[in-house]
Structures are given as C-alpha cells and as structure tokens.
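I opened the model to look up a few things and wrote down what I found. The entries follow in the order I made them.

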Amino acid sequence: MVMLPLKIIFLLAIFGGLTFPQTSSSATTSAGGDDATVCIIGSGIGGSSVAHFLRKYSTNHHPKILIFERHAIVGGRMATVTIGGDAFEAGGSILPPKNYHASNYTNLLNLTEKRPSSSESSISLGIWDGNGFAVKTLNVNSNWGIVNKIVSFFNGIYLFMRYGFSLVKMGGFVDETGNKFLKYYEGVEARPVFESVEEMLKWAGLVNLTGKSLKEELVDGVKLAPLLIEELVTVITRINYGQSVNISGLAGAVSLAGSGGGLWAVEGGNWQMAAGLINSSDVELYLHEEIDSISYLGEYYELNSTKGNTYSCEVAVVAIPLDESSIQFSPPVSVPMRQLQHTHATFVRGLINPVYFGLKAVSEIPELVATIEDPRLPFTSISILKCYNETDMTYKIFSRQAMTDALLDSIFSVRKETVRINWGAYPHYKAPEKFAPFILDGKHLYYVNAFENAASTMETSAVAAENIARLILSRFFGKDSSCPSDLKRTSCSSAEASHSDM
C-alpha cells in the first residue's frame with residue numbers, strides 16, 4: 001500500500017505527546033501481570049482501536065502497548081492527498097450515520113464531523129455504459145437550499161419511475177441487515193466475547209449472508225428487479241468495493257449501506273481518528289518500523305523488524321492484512337488464501353472533456369459518472385471533489401487498473417496536476433467466505449483483519465478490534481479461569497459490566 005507524506009506540522013501536532021523509543025523493548029515478564037507487553041502491528045483504525053479498547057476496558061491492568069507502523073505516519077488505509085493546496089480523502093472516505101464507534105471516537109478526540117452541504121448532497125448521477133448515459137439525473141448547481149431539495153425530489157421520482165418498488169425493497173434489506181449489525185454495540189453484559197468470526201456473525205444473525213452472493217440474495221431473497229441490480233446496485237458495489245454484484249452478500253449489504261443518506265467524514269481527514277486514539281492510549285509508537293517475523297519462544301513472542309531491531313511481548317496483535325504481507329511466523333500459522341482487491345485512486349485537477357462522453361459542454365456531464373460492469377470500460381467512477389470555477393476542478397477517479405497518461409488525456413481536456421494511488425483496499429469477495437481465525441496460534445497471537453472477509457470498512461475494523469481487545473483481556477489477563485469485572489466471555493455465566501451502550 002502506498003502511503004502519502006503529510007506535512008510535518010501535522011505529525012508534531014498529533015504525536016507531540018508520544019514517545020518514540022530507539023531501543024528494543026524490555027525483557028519479558030510473567031503472563032497476566034501489569035508489566036506485560038502487547039505488541040500491535042499496524043496503526044490503522046484496527047490497530048489503534050485495539051489499543052483504545054485495551055485501555056478502556058482494562059481497569060485492573062495497565063500493560064505496555066507498542067504499535068509498529070512501517071510508514072511515516074499512522075492511519076493505514078485512511079489517508080489524505082493534497083491537490084492544489086486542498087486535502088482530500090484518498091482511502092476510507094465516508095462514514096454512515098450508524099457507525100457508532102467512529103462517531104464516539106470523533107467526540108472523544110474533539111474532532112469535527114464534516115457533512116455535505118445541501119448542494120453536495122444532491123449531486124447529479126450518470127450511469128455510463130460506454131455508449132451513452134443509461135441513467136442521468138438532473139444536474140442543477142444552486143446556492144439555494146430549496147432549489148437543491150426540489151431537484152433532489154424530482155431525481156427521486158425519476159429513479160422510482162425507473163426501478164419502482166424495488167428501491168423500497170432494497171432499502172428494507174439494508175435496514176434489516178443494519179439492525180442486526182447494531183447488536184455489536186450492545187453493552188458487554190449482553191454481548192459475549194467471540195473467539196471466531198463465524199461465532200461473531202452467527203450471534204448477530206449475519207453469517208448466512210456470507211454464504212451466498214449479493215446477487216443471489218437480491219434475486220432470490222429480496223426479489224429486486226433485474227434492472228436495479230444491473231445498474232444502481234452494480235454501481236454501488238463497484239464504487240465501494242471495486243467489485244461486481246457477485247461479491248458475498250454481507251459485504252454487498254454493507255456496501256449498499258454506504259450509499260445512503262447522512263454520510264459524513266472527519267474534518268481534516270479520517271486518519272485523525274487513528275492518530276488520536278494512539279495519542280490518548282499511552283502507547284509507544286514506532287514509525288518506519290516494519291515487522292518481518294514473529295516467533296513464539298514459549299513464554300513470549302519475539303518480533304524482528306527489517307531494520308534488525310528485536311522486540312519481546314507476551315501478546316502480539318496483527319492489525320494489517322496478511323494477504324500481501326511478508327511477515328514470517330514461527331511456528332507457521334494457517335490463514336485461508338485470499339486476494340486483495342486493488343483500487344486505483346487517481347486525482348486530477350483540470351477539466352473533463354465532454355467529447356469523451358459524446359457531449360458538447362462540461363455542464364452536461366453529471367457530477368458523479370459511474371459505470372456498469374463491462375470489461376471494456378476503463379474506469380469505475382469519476383466524481384467532482386471541488387469546483388474552483390467553470391474551467392478548473394478537482395476530480396477523483398476509481399479504476400481497477402492504473403490510468404495511463406494517454407487514457408487520462410482522452411478523458412480530460414486539461415490536466416494541471418495528477419496524483420495516483422494504488423490501494424490494496426479490501427478482500428476480493430467470493431461466497432461462500434472462509435475466515436481466518438481471530439487467534440492465529442491458539443495462544444496469544446491475534447488477527448484483527450480476520451473479520452474483513454465478512455465486510456471491510458473503518459467501522460467493521462473497529463468492531464473487530466473491540467472484540468480482539470476483550471478477547472485479550474479475558475484470555476490473557478483472566479487466564480481463562482474467570483471474567484474480569486467489566487467483561488463477559490461466552491463461557492462465563494455472570495459478570496458485572498461497566499461498559500455503556502455506544
């Protein structure tokens with residue numbers, strides 16, 4: 001994954017209160033003690049959330065927490081790119097309204113939620129099939145909120161006339177799935193600690209959706225009209241996961257949820273959630289430190305970095321996808337083979353060429369141009385991020401392959417600045433899904449990203465991370481014999497819970 005350099009001033013502001021040790025961690029200590037060490041590989045939303053929840057729930061213990069990040073800045077797949085002095089989200093970009101962990105992080109860290117303006121929330125949509133726009137909503141830019149609401153109303157009528165009550169059915173499917181997912185926010189007195197992804201999904205009633213494709217679920221179960229699936233649903237899964245409606249059902253449902261209303265982001269960049277959680281969790285952060293081996297030596301794990309540094313810890317947490325990682329494990333661990341879906345994000349400041357779309361004026365081109373599933377089409381979507389004036393705009397292009405200069409020059413009549421990023425963004429979903437274990441070795445080597453085969457978002461990473469933190473506290477500090485006072489494990493019949501609903 002390619003990370004983007006950010007201004008040093010941000011690093012100083014966010015990490016000024018952190019320590020950056022230059023030597024290896026101290027020798028190992030007895031398991032279960034306050035002087036135990038937890039090593040976390042990865043500083044994205046998953047790794048930072050594990051650290052946060054370990055501190056939040058470990059009222060009786062205060063282990064040392066080390067986080068290792070191979071890049072120069074934290075955030076993982078949350079990052080920003082700067083074009084013409086403006087910062088734009090380059091990785092995980094949007095958060096639905098019921099992403100309660102992200103919302104709580106934002107409040108806890110005194111960050112600001114950024115919500116679209118009335119004009120931004122009523123952008124025009126065009127579905128391009130290579131020959132023309134199969135779907136094209138009204139395109140009216142106005143500073144008047146009432147005008148935008150009227151345009152949005154008529155666009156809604158247009159889509160309803162095209163897809164009928166299938167739109168309502170689709171909304172019901174998303175709501176039903178979302179309500180099941182809300183079980184993961186229940187208080188710990190009602191929510192077990194899960195030792196496997198399958199167990200976690202079964203408890204919420206979601207596991208069946210990972211056994212069939214989204215298309216199968218929508219056709220056989222929800223009974224949506226084929227046209228809606230071929231057009232609008234396909235557009236959504238292509239933009240959110242870079243894949244077709246043949247992705248597994250749960251990932252598809254999560255993708256559809258990310259296309260609804262009330263979407264938001266963190267002002268200044270979503271990566272600040274990870275930075276803030278690390279800063280507030282009493283963590284030793286090692287930047288530019290890539291771990292290339294993890295060995296279990298009986299009472300502790302030994303981590304070795306590409307720089308030749310060695311670290312020892314009683315608990316090790318892998319919070320990065322292992323699919324394209326070179327980490328060597330001793331003894332070896334077993335993880336199902338999985339491909340990552342790469343999404344190429346290309347940012348262009350300039351002006352789109354209407355001739356490419358068979359149009360005469362830029363104003364005729366929808367603000368979001370999405371595409372159907374057709375291998376001849378070279379991009380997934382093109383959207384306007386910012387309009388400076390009628391001849392100067394910043395665009396974001398998603399594609400499955402890198403966009404060549406020749407291709408970009410055919411799509412854009414003016415290109416002042418271009419930035420390309422190749423993200424190993426999420427799993428390539430294929431039902432029935434197979435899941436890696438949360439506990440990689442049966443001891444204290446944990447894997448946050450095992451949950452990604454169910455769905456991959458900032459919020460699902462936080463949900464998985466919270467479970468991993470509770471799993472560590474109950475298995476390591478509780479030594480499997482009893483439950484900590486503020487946790488409840490599957491095997492415990494009673495526990496006093498102090499965690500409030502989120």
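Entry 1, a strand pair. I looked up strand β1 (residues 37–41) and found that 5 bridges join it to strand β2 (residues 64–68), the two running parallel. V38 stands opposite I65 in β2. I noted the rule in use: two strands pair if DSSP finds at least two bridges between them. Helices (H or I, at least four residues) and strands (E, at least two) are DSSP runs, numbered from the N terminus.

Residues are numbered from 1 along each chain as its sequence is written, and side-chain values use heavy atoms, with hydrogens and water left out. The mean pLDDT (the predictor's confidence in each residue, from 0 to 100) of the protein chain is 87, and 87% of its residues reach 70 or more. Over residues 1–31 the pLDDT is below 50, and this stretch has 69 contacts in the model beyond near neighbours in sequence; contact means heavy atoms within 4.5 Å. Residues 479–502 also have pLDDT below 50, with 61 contacts beyond near neighbours in sequence. Where pLDDT is low, the predicted coordinates should not be read in detail.

Which strands form the open sheet, and in what order? I read 5 strands in the order β9-β2-β1-β13-β20, with parallel pairing. The edge strands, β9 (283–286) and β20 (445–447), each pair on one side only. Neighbouring strands of this sheet are turned by 20° against each other on average, direction ignored. Axes are lines fitted to C-alpha atoms, for helices over the stretch in contact, and angles run from 0 to 180 degrees between N-to-C directions.

Helix α2 (residues 45–57) lies across β1, β2, β9 and β13 (315–318), and runs at about 175° to β2. Helix α12 (residues 458–477) packs on the sheet and touches β13 and β20, its direction making about 160° with that of β20.

Why is β18 described as largely enclosed? I found that 8 of the 8 residues of β18 (residues 392–399) are buried, so the rest of the structure largely encloses this strand. Buried means under 20% relative accessible area, exposed over 50%, partly exposed in between (1.4 Å probe, protein chains only). D392, T394, K396 and F398 are buried on one side, and M393, Y395, I397 and S399 on the other. Strand β15 (residues 340–352) is joined to β18 by 7 bridges, antiparallel, and G350 stands opposite M393. Strand β17 (residues 381–389) also pairs with β18 in the antiparallel sense over 7 bridges, and C387 stands opposite M393. β17 and β18 form a hairpin with 2 residues between them.

The buried residues include W271, M273 and L277.

G130 lies in the loop between β6 (125–128) and β7 (133–136). G130 counts as partly exposed because its relative accessibility is 34%. G130 and P378 are 248 residues apart in sequence and 9.4 Å apart in space, C-alpha to C-alpha.

Definitions and conventions:
Predicted model: local features only at pLDDT ≥ 70, side-chain atom pairs only at ≥ 80, totals over all residues.
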